[in-house]
Amino acid sequence: MVRRAPTKWSGRAGVALLIALASFGCRGADMGVATPVQRGSLASTAQPATSSRVTPPAARRAANVPLELGLIWPNFPSGVPPDESEVALGKELFSERLLSADDSVSCETCHDSARGFADPRPASLGIHGKKGRRNSPTLLNAAYYENLGWGGQEPSIEAQSLAALTNPEEMGLEREQIPAKLGPRYGDRLRAIYGEATPESIVRALAAFQRMLVAGDSPFDRYIYGGDQDAVSEQAKRGFAVFIGEARCIQCHFMRSAQSHPFGGFSGTFTDNRFHNIGIGYENKQHTQDLGREEVTHNPADRGAFKTPTLRNVALTAPYMHDGSLATLMEVVEHYNKGGVPNPNLDFDVKPLHLTDRNKADLVAFLQTLTSVKLAAVASNPAAPESVSGAAP
Ligand code: HEC
Ligand code: HEC
């Protein structure tokens, strides 16, 4: 498949790649997608938000939403995509260290664009080198989550972003400090877009950027939704059969059929947006330090349950699980194969699987086909993302 090379690259390649690809939006037709009509008409009805913004009309332009094979239209709180100006500002703020109390940490520190917007350290380090208790999840495809955080503790990307800014173990800012600290550099632009320079407007810009981090169009998508039989190996095809068959991964890591979502396209987010206990973090099979979903619901039945993470781009985001305790995809498969870690709340769907060595290797090969084609180039050389910045994905 021939694809146009993005014309200009700047900044961290991971981010640049995504932004550049955002300008490819609505290319359904040249990708052999079954539903170019719905996609095209959706995009053409997308209008800039008509809120009380004070941006002069000329400066207002809805950002191009990256519609990608395998994913539906992302979820925008106002129903329409953000403006280009919001996304550009949010991108800058995302790597702005002024957003932390000691100017040492930005969002990018823990959500590294060259690592699938996740953190290769099992637990991230916040300001003053404070160690957090959980692994930073990927922000790719965050627009498709119904709850944010491993315990689903935040209802929106905005709320989760504000929590990061003010969490004493992450960025450690006092709410009241934020306008004075960011005002000199960003005040004018924030006011031009949102009419105010407040913590709320900052997180709106951050969220606008994050919602554009759509990353579908993996080899697997090209195979299953695009009909390209050669996009993945025979081993990966067998792995998919194990995934939906004897390993029962699909019970929680959902794909949706063409009929079951509102716009009739084909999609797979690989999450049910629910919470399950698969036994991670149980030391002596009875007790866990991190209560997970129980912290939110105060229901002891939710102890040790965590949000089902997407499996898209999972090959980029080791280590795995809420505590980063599993280093490789094979370790993850072994965890499920042995039936998780038995504990009083273990999910019904987690039981010994008796997979053969070949099944396990096939499953891993399948998981590796879920990486967006545009990101695979960055991932192949994460130490020097610039080196791929001129290459066409
Ligand atoms: C010190 C490391 C650190 C920094 C800095 C940080 N994060 Fe996070 N982020 C995390 C961790 C850890 C989690 C998981 C939190 C949890 O579940 O308790 C997370 C979760 C998230 C999520 C939810 C993702 C999901 O899949 O549910 C979003 C969105 C997010 N962060 C955005 C941001 C933004 C925006 C910033 C900058 C304002 C930021 N983060 C800064 C470590 C960090
Ligand atoms: C009962 C629901 C359920 C089933 C079945 C299930 N998963 Fe999961 N999966 C989860 C949950 C919940 C987590 C996060 C658990 C945690 O962090 O404590 C997870 C985490 C993962 C992760 C780590 C992702 C990351 O970003 O850290 C991978 C990889 C994974 N699962 C693959 C699989 C595979 C492969 C199978 C089939 C063998 C499978 N899952 C079956 C619910 C499930």
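**View 1. Helix α5 gives the most residues to the shell around ligand 1, with 5.** The model shown here and in the other views is predicted. Around ligand 1 there are 28 residues, and those that come nearest are Cys-107, Cys-110, Ser-124, Trp-150 and Ala-164. The elements that supply two or more residues to this shell are α4, α5 and α7. Sorted by class, the shell around ligand 1 holds 15 nonpolar, 11 polar and 2 charged residues.

**View 2. The largest nonpolar core contains 49 residues.** Nonpolar side chains tend to be buried together in soluble globular proteins. Within this core, the residues with the most contacts are Leu-93, Leu-165, Ile-202, Ala-205, Leu-206, Phe-209 and Leu-213. At least two core residues come from each of α3 (84–94), α4 (107–110), α5 (157–166), α6 (177–194) and α7 (199–211). Helix α7 contributes the most to this core, with 7 residues.

**View 3. Helix α9 spans residues 234–244 and has buried residues.** Which residues of helix α9 are buried? They are Ala-236, Gly-239, Phe-240, Val-242 and Phe-243. Seen down the axis of α9, the buried residues lie within an arc of 160 degrees, so they line one face of the helix. Helix α12 (357–367) is included in what covers the buried residues of α9.

Notes. Residues numbered from 1 in each chain as written. Chains lettered and ligands numbered in written order. Predicted model: local features only at pLDDT ≥ 70, side-chain atom pairs only at ≥ 80, totals over all residues. Core = buried A, V, L, I, M, F, W, Y, C linked by C-beta atoms within 7 Å. Buried ≥ 20, exposed ≤ 12 C-beta atoms within 10 Å, placed from the backbone. Helix = DSSP H or I, 4+ residues; strand = E, 2+ residues; numbered from the N terminus. Arc of directions from axis to C-beta. Contact = placed C-beta atoms within 7 Å. Near = placed C-beta within 6 Å. Nonpolar A, V, L, I, M, F, W, Y, C, P; charged D, E, K, R; others polar.
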